[in-house]
Amino acid sequence: MDWPLPFRIMNRRRLFLLTSLSLCLPIFSKPTPLVPNQVVVVYNSTLPESKALAEFYALNRLIPTSNLIGLEVPEKTTIDRLTYEKAIRQPLVKKFMENQWWELSKDQNGTSVPFKTKIRCIVLIKGIPLRISREAVPKDEESSTRQFKKQNEASIDSELSLMGVSNHPIGGVIPNPCYNKEISAATNPAEFMVMVGRIDANTYDHCNRMILDALDVEKEGLWGMTYLDLWTRGGSYKLGDDWIENITKASINSATPTIVDRMKNTFVTNYPMRDAAVYFGWYTQHRNGPFLNDQMQFKKGAIAAHLHSFSGAQLLNPAKNWSVGLIDRGAAATLGNVWEPYLGFTHRFDIFYDRLLKNYSLVEAAYMSINVLSWQNIVIGDPLYRPFKTTTVRTNAMVKDRDYKLIRYAQSRFPDPEIRLAELLKAAERTKSGTVYEMVAFHTLEGGNNEQAAKGFRRAKELFTDSADKLRQDLHLVELERRRDKIPDAIKILKQAKKVYKDIPEVKAVEGLLTILDPPSPPLTKPKN
């Protein structure tokens, strides 16, 4: 793995059309939603379960049955380039032509390029392979081809985004004209490309759940906590941390209780991650920390992504990599990489989150946050899902997720920060809400007021009734002491917590931190004769 590749776009031979069109994309203040007849659903026709899932999705999203396409493909995670061409790309191009979903023109070099496109989104259903393996560069080109250009492996999803562009080079990357734009897929003038997402997981039950969760949350709203995990390695890795810092600001500004781990390790094993509606973090290769706790479950409709080179390398074993493990814990949507993408060519989490907050769909937000196509990236979940479609708080619907709605209501009702803080604390006492106190305390800590934050965490601990929630307040106090370089005080809190919470799974979080802050002495060794 080689993250520190310089952040740059590497153009591939021609395709000047991509970059020229990217300069003229208009900016819209409000996204125009995709309509059902702009969506094609692709499934594995050799698997009855795949077809049933495709029909279930189309029924719930009102997609015409004529927009469902079955392909006879091997039930594999990885296929070679020839199989991709013959079993996936060519049959899809043929269907698009037969149904007059686009027209093709040719440039002066004989490259066919789609225009007048009616289809804006392709949804790949579980059963469609995930990635294309690398093939060797011809010997006569071996010595003259740079290592980066030899990387012709790709996710099937990203490769399909350019399926109508014939004969484009497959080594390296192609610039994405939608990157960092605010442009709805429904009206995107870059008609040579299509946005591709997939509904996939380790079980078909999870796939069905993701569809239904997305529909429910679009009506009810996504309410809960945001958990963010920086890597704090500095240097060329700072880029990823900057993205998560940007999410921190955006999450707090959207009146969402936000907890940030700025320690070098990820969230420790069995960290008490309650009501997680949003999660972004990095690094480590396989799912760890709070997601090892069998009792941990995301909130319905949660958005969760972990940055790693091979986060989406497979979607069958939730204990390996990250994307499938997050879905297995209840997330409705995630991002991933099927092969090494390099840091500069991964989804920018901050742009992704920003576009979701602005009510773009999952697939639109994903494509606006990635700067390249024909590469290693995937987006998993209902591509049409808009998690923040409903954000308005109705005072007659405050019972469910009351504390989170109370916080959002206070932000809209009291624009002055000091008045809002005072009113929130009054409401927290009136409703006995540990959640509100915790949010105020952590946001105060982010502002640098350590003493006020400590008081808030202690009061939140008094108000919470669940032991795991109480423990989390102790862990906040431990982090506060670590920030102040008062390690002995942090160890004292942890040792007391280990006694109090010895009977709950989350005590592993305490043990993990003690191992870091107060490691045991090495065992004595016997002298050699």
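**View 1. Overall fold of the protein chain, with its 17 helices and 17 strands.** The model is a predicted one, and its C-alpha atoms fill a box of roughly 80 × 70 × 45 Å when this is taken along the principal axes. The radius of gyration is 25 Å, close to the 24 Å that the globule rule gives for 529 residues, so the protein chain is as compact as a globular protein of that length.

**View 2. Burial and contacts within the protein chain.** Of the 529 residues, 59% count as buried, that is, they have under 20% relative accessible area. Where contacts join residues at least 6 apart in sequence, 75% of these contacts are between residues at least 24 apart.

View 3. Carbon and sulfur atoms account for 52% of an accessible surface that comes to about 22600 Å².

**View 4. An open sheet of three strands, in the order S3-S7-S8.** The pairing in this sheet is mixed, and its edges are formed by strand S3 (78-79) and strand S8 (154-155), each of which pairs on one side only.

**View 5. Close-up of the pairing between strands S7 and S8.** Strand S7, made up of residues 131-132, runs antiparallel to S8 and is joined to S8 by two bridges. Within this pairing, Ile132 has Ala154 of S8 as its bridge partner.

Definitions and conventions. Residues are numbered from 1 along each chain as its sequence is written. This is a predicted model: local features need pLDDT of at least 70, side-chain atom pairs count only at pLDDT 80 or more; totals for chains, interfaces and linings use all residues. Side-chain values use heavy atoms; hydrogens and water are left out. Helices (H or I, at least four residues) and strands (E, at least two) are DSSP runs, numbered from the N terminus. The radius of gyration is taken over C-alpha atoms; the globule rule is 2.2 Å times the number of residues to the power 0.38. Buried means under 20% relative accessible area, exposed over 50%, partly exposed in between (1.4 Å probe, protein chains only). Contact means heavy atoms within 4.5 Å. Accessible areas come from the Shrake-Rupley method with a 1.4 Å probe; for residues, only the protein chains shown count as cover. Two strands pair if DSSP finds at least two bridges between them.
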